[in-house]
Amino acid sequence: MTEFISDKNNGLDYTLVGEVYLPNLISTETNYEIGMWGQRHLRYIKQHRKVFYTSLLTNCKLNTYLHDVDVRATEMYDSLVKQLKEQQGITEQLKADNQMEWVARMNNIRSRATEIVNHDIIYN
């Protein structure tokens, strides 16, 4: 018996383990590191969208999907923080003049950006 086979009907690859062929559920083509946003979304889909999670896992698309979510969320978060800083006039001069005020305002902006990303991408 051959060690690896591919099923053309369902698109899955199988590896011979003992006398049984088991499906390869981890894609060997992509192995992205998943950041904070991707991990949050993974927890969400495991708990609330189980069929979708299982489908991604069995089709070896989970890692790529989570990577895409992570990239989109990171870009959105960075863009929001930058836009909100400009809208509120938070500058390096404020940071030099009044560090505590700068920290408080930046924490507020980061919290708002996190809430928006969570609502629009992570828990959607």
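This is a predicted model: local features need pLDDT of at least 70, side-chain atom pairs count only at pLDDT 80 or more; totals for chains, interfaces and linings use all residues.
Numbering runs from 1 along each chain as its sequence is written, and side-chain values use heavy atoms, with hydrogens and water left out.

**View A. The open sheet, β1-β2-β3.** Three strands line up in that order with antiparallel pairing. β1 (4-6) and β3 are the edge strands with a single partner each, so one side of each has no neighbour in the sheet. From one strand to the next, the twist averages 35° (axes are lines fitted to C-alpha atoms, for helices over the stretch in contact; angles run from 0 to 180 degrees between N-to-C directions). β2 (residues 13-17) and β3 pair over four bridges, in the antiparallel sense; to count as paired, two strands need at least two DSSP bridges between them. Strands (E, at least two residues) and helices (H or I, at least four) are DSSP runs numbered from the N terminus.

**View B. A nonpolar surface patch around Leu22.** Patch members have over 30% relative accessible area and no salt bridge; nonpolar side chains (Val, Leu, Ile, Met, Phe, Trp, Tyr) are joined within 5 Å, like charges within 9 Å. A salt bridge puts a side-chain nitrogen of Lys or Arg within 4 Å of a carboxyl oxygen of Asp or Glu. Leu22 sits in β3 (residues 20-23) and is partly exposed at 41%; buried means under 20% relative accessible area, exposed over 50%, partly exposed in between (1.4 Å probe, protein chains only).

**View C. Cys60 and its positive phi.** Most residues other than glycine have a negative phi. Cys60, not a glycine, has a phi of about 60°. You'll find Cys60 in the loop between α2 (50-58) and α3 (62-88), partly exposed at 23% relative accessibility.

**View D. Asn118 in helix α5.** The helix covers residues 99-122, and Asn118 is buried, at 10% relative accessible area. Leaving out neighbours within four places in sequence, Asn118 is in contact with Trp37, Arg40 and Tyr123 (heavy atoms within 4.5 Å).

**View E. Glu92 in helix α4.** Glu92 belongs to the stretch 92-97 and is exposed at 53%. Glu92 and Trp102 are ten residues apart in sequence, with 8.8 Å from C-alpha to C-alpha.

How values were computed
Accessible areas come from the Shrake-Rupley method with a 1.4 Å probe; for residues, only the protein chains shown count as cover.
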